[in-house]
Amino acid sequence: MSEMANTDPEGIDGVRMTWNVWPRTKVEASKCVIPLAACISPIRSHPDIPTLPYAPLRCKTCSAVLNPFARVDFTAKIWICPFCYQRNHFPPHYAAISETNLPGELYPQYTTLQYALPTDSAAPQSLPSPVFVFVLDTCMIEEEMEYVKSALKRALGLLPDNALVGFVSYGTQVQVHELGFSDLSKVYVFRGSKEISKDQVLEQLGLSVLGRRPGPIGVGGYQPKGVQMGIPNAGVNRFLLPASDCEYTLNTLLDELQTDQWPVPQGSRASRCTGVALSVAAGLLGACLPGTGARIVALVGGPCTEGPGAIVSKDMSDPVRSHKDLDKDAAPYFKKAIKFYENLAKQLVSQGHVLDLFASALDQVGVAEMKVAIERTGGLVVLAESFGHSVFKDSFKRVFEEGEQSLGLCFNGTLEINCSKDIKIQGVIGPCTSLEKKGPAVADTAIGEGNTTAWKMCGLDRSTCLTVFFDLSSSDQSNTPGTVNPQLYLQFLTSFQNPEGQMMLRVTTITRRWIDSSVSPEELVQGFDQETAAVVMARKTSLKMESEESFDATRWLDRGLIRLCSKFGDYRKDDPSSFTLNPCFSLFPQFMFNLRRSQFVQVFNNSPDETAYFRMLLNRENISNAAVMIQPSLISYSFNSLPQPALLDVASIAADRILLLDSYFSIVIFHGMTIAQWRNMGYQNQPEHQAFAQLLQAPHDDTQLIVRDRFPVPRLVVCDQHGSQARFLLAKLNPSATYNNAHEMAAGSDVIFTDDVSLQVFFEHLQRLAVQS
């Protein structure tokens, strides 16, 4: 195994838990402060995961899948399910198994494996083709329009030949372009001002069962290849064509496409009917065969002002809603728009289709309202300030690329969870929708998408991560789960359609130990994962801020941290100086300090769209990425040493250093004063100062490595000490030096003008409160 794989904290299973040993009772669990939760990356790729070419064996009582933890009696050909203790007979085709001849699913190292599920028909061409419907906003200036057209043309060139493509453009009205008729461009127009149902869409496009017209059969009387299969509604191939057949037509159409011609009066916003356009696209996809993986890729350049889903009036003197407006209930369109997008989400989830949003505008476009539809369908979201910006261009290209760079977009996923008796599931935070599947494992309280043991993920990719919250049902010692079996088991079953259209089932079965935490608290401490705990707390806080009126996030986090330190710290009562924390907890207070100051908790200075965007990414990325969003990493480059991690503190700034800050959404390369002066004098171009040239180049090379694996592509800020953009770095640093104590500072470093407390002061307060009797 490579070096990298050894440091991979998720291992083959792609699972990280807040606690790796579990207390036995509900009471003990509540004393742990941090909830019992697992963050799972359901289809993360890993070189050691085998794929078996047959369907799995399931337990006849609880339908858990056969796994390495099952007890097997080889002579009687029976296996005992570790979840419900049911005895199951092996079917005849397992007759040859023995201790020395195990099937793949019983190998102890394969706690995660995949099954390629057999398809219904033997014909290989029966695999469904993925569908992409591009929905393009045309209310934008000429220059932006050119950027977005070239991005679309590049995307069309990257799509697999069999992918079906549809195209909808909209401004004041919605135009559905008929691509199957290349001799003449035909367009169906929908009014943008009123809501339109799926049936009306199909009726108008001539796709409903009643109003179906005999569709023209391709040019020259042949059926376009690959279209008639998989789509019961032959008419739909007038609108959705294989990429290879319609690339030319679409390119020509894009060349001729103009910005919205509807006149915009002085002092008004353009009338833009984003809501209706997305309804129409969803309706069009509703005519495909159920089970077809499809994505609506929306490219939006401004706020919706027309019809359902509008977020602001057309009058420029009305500003787009801010966080303050939402708090005061002074955003008249907000609740109505959310209701509209909730209904759209329901329709898309029932069809199994995804909504992706690429928003590029200087003002808000309504990400906060659309969030529900993007998140529940597992869509991608990218927020940039222009379609010409690398954040948009490079991210958009990544969606369609193959090979190493590809996101591995999969469709039609469902996640099911089986767990040992006494474990209950409260719910999931992340890109999915509850399927309302009841069962004994459903907890009374719901967190996020709850009241179920199964979830729908219309779209998922290699980096998709979900957070599952667990609860314990037993409160008394008599029926403690651990008395029978000291191990608890969790099984995650993810079925999905891979990019080639093949149905796969990924099965991950993990085990952890029950312990009596009142007897051995030490074991509990050793099993704590502070990085995962910080991310889980951030996700839970974001959810509470959105769903609970007047929730005070900072106070809630502080109280939790004080309780945690009181329980697990080592101290003498009422003596703050005696306080120490076990290394397993020592980074956690620092994470909480940075979380309190982060954009997830402090909404001041961010628009509702930005806050919604940040939270959506926080909820769908893996633990290491989410941890960087909360607590950025800082690397320092200087002449006399190798690049090394630096403290996230203003004291790390020095005149002769370059700093590289990675805060996930942006990457900042910050040149100290002296370095910036030498660069401006051009020393790096002189042969005798080759070392300086290398020093300047090093952070750029490292940035390329970071950007390569990240979606959306982060924004790159290159700045100098005391320059205007230095704020991107200063805002993230611990203000250990402020204008109050500037006289103690070393020369060449910096101060931060703030009244925020520093980490040191925060920690002193924490120690004082944690040891109080």
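A hairpin of two residues links strand S25 to strand S26, where strands are DSSP runs of E with at least two residues, helices are runs of H or I with at least four, and both are numbered from the N terminus. The structure is a predicted model, in which local features need pLDDT of at least 70 and side-chain atom pairs count only at pLDDT 80 or more, whereas totals for chains, interfaces and linings use all residues. Residues are numbered from 1 along each chain as its sequence is written, and side-chain values use heavy atoms, with hydrogens and water left out.

Strand S25 (residues 633-638) and strand S26 (residues 641-645) run antiparallel and are joined by three bridges, two strands being taken to pair if DSSP finds at least two bridges between them. Strands of a sheet pair through backbone hydrogen bonds, in either a parallel or an antiparallel sense. Strand S18 (residues 423-429) pairs with S20 over two bridges in the antiparallel sense, and Gly427 stands opposite Gly450 in S20.

Ala38 is located in strand S3 (residues 37-40). Its relative accessibility is 0%, and Ala38 therefore counts as buried, the classes being buried under 20% relative accessible area, exposed over 50% and partly exposed in between (1.4 Å probe, protein chains only). When residues up to four places away in sequence are not counted, Ala38 touches Val15, Arg16, Met17, Leu466, Thr467, Val468, Phe470 and Phe492, contact meaning heavy atoms within 4.5 Å. Between Ala38 and Val668 the separation is 630 residues in sequence and 32 Å in space, C-alpha to C-alpha.

The largest nonpolar core contains 141 residues, and Trp19, Trp22, Phe470, Leu490, Phe492 and Phe588 have the most contacts inside it; such a core is a set of buried Ala, Val, Leu, Ile, Met, Phe, Trp, Tyr and Cys residues joined through side-chain atoms within 4.5 Å. Helix H6 (residues 274-285) provides the largest share of this core, eight residues. Another core, lying apart from it, has 37 residues, including Ala384, Val391, Val399 and Phe400. Not counting residues up to four places away in sequence, the contacts of Phe492 include Val15, Ala38, Ile40, Val468, Phe470 and Arg506.

Six cavities of 30 Å³ or more were found, a cavity being a set of points, on a 1 Å grid over the protein atoms alone, where a 1.4 Å probe fits but cannot get out, with lining residues having an atom within 4 Å of a point. The largest cavity holds about 70 Å³, and its lining includes Leu380, Asp461, Arg620 and Phe711. The second largest cavity has a volume of about 60 Å³ and is lined by Asp13, Val15, Ile40, Ser41, Pro42, Phe492, Thr494, Arg506 and Thr508. Strand S23 (487-497) and strand S24 (503-515) each contribute at least two residues to the lining of the second largest cavity.

Glu401 lies in the loop between helix H10 (390-400) and strand S17 (410-419). With a relative accessible area of 15%, Glu401 is buried.

Note on methods:
On a 1 Å grid over the protein atoms alone, a cavity is a set of points where a 1.4 Å probe fits but cannot get out, and a pocket is an open set with protein on both sides within 12 Å along at least five of seven lines; lining residues have an atom within 4 Å of a point. Grid points are joined across faces, edges and corners, and a volume is the space filled by probe spheres set on the points.
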